[in-house]
Amino acid sequence: MASSVIKSGALVLLEDLHPSSPHFKQGTSLRVTGKLQEYSVETAIAMVVDGSAKLKINTEHLRNLSLRIGSFYQFIGELLIQPDNEARVGRNVDGINLDLYRQSLQLLRQFQADHQ
């Protein structure tokens, strides 16, 4: 019997998603945070941004999530190196301090590197 394991999403900043990044691999499970810049109800495609970095996310399976332009969201899903990435989890994170989030992510990475 085949086992289907859903991996936790690795915490990454949108700016970390570039071809030389270790996270930039087809099918990598990621957790990204950004401000909703665009959303199309017809296509269920959301565009999230963080600074100058952008990512398109397919939200067709997130039926219970109400998306509002200008709000902050966190999505978990697998990276598909193509125009649209599909999220399996999404949540509104308005009120998040992105500077503190970046600092905590940097400390987490440092901790993980020190304990490997």
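**Labels and their cut-offs**

Tyr39, Val41 and Ile69 make a nonpolar surface patch of about 290 Å². This is a predicted model, in which local features need pLDDT of at least 70 and side-chain atom pairs count only at pLDDT 80 or more, while totals for chains, interfaces and linings use all residues. Residues are numbered from 1 along each chain as its sequence is written, and side-chain values use heavy atoms, with hydrogens and water left out.

Q: What makes Tyr39, Val41 and Ile69 a patch?
A: A patch takes residues with over 30% relative accessible area and no salt bridge, joining nonpolar side chains within 5 Å and like charges within 9 Å. Tyr39, Val41 and Ile69 make a patch of the nonpolar kind. Areas come from the Shrake-Rupley method with a 1.4 Å probe, and for residues only the protein chains shown count as cover.

Q: Why is Val41 called exposed?
A: Exposed means over 50% relative accessible area, buried under 20%, and partly exposed in between (1.4 Å probe, protein chains only). Val41 has 64%, so Val41 is exposed. Val41 is found in the loop between S2 and S3; strands are DSSP runs of E with at least two residues, helices runs of H or I with at least four, numbered from the N terminus.

Q: Why is S5 described as largely enclosed by the rest of the structure?
A: Five of the seven residues of S5 are buried, so the description applies.

Q: How do you know that S2 and S5 pair?
A: Two strands pair if DSSP finds at least two bridges between them. Seven bridges join S2 to S5, and the two strands run antiparallel. One of the bridges has Ser29 with its partner Glu78 in S5.

Q: What makes Arg109 and Asp16 a salt bridge?
A: A salt bridge needs a side-chain nitrogen of Lys or Arg within 4 Å of a carboxyl oxygen of Asp or Glu. The closest N and O atoms of Arg109 and Asp16 are 2.9 Å apart. Arg109 lies in helix H1 and Asp16 in the loop between S1 and S2, so the pair ties together parts that are 93 residues apart in sequence.

Q: Why is Asp16 called buried, and why is Arg109 called partly exposed?
A: Asp16 has 16% relative accessibility, so Asp16 counts as buried. Arg109 has 31%, so Arg109 counts as partly exposed.

Q: How do you know that Arg102 and Asp50 form a salt bridge?
A: Their closest N and O atoms are 2.3 Å apart. Asp50 is buried at 6% relative accessible area.
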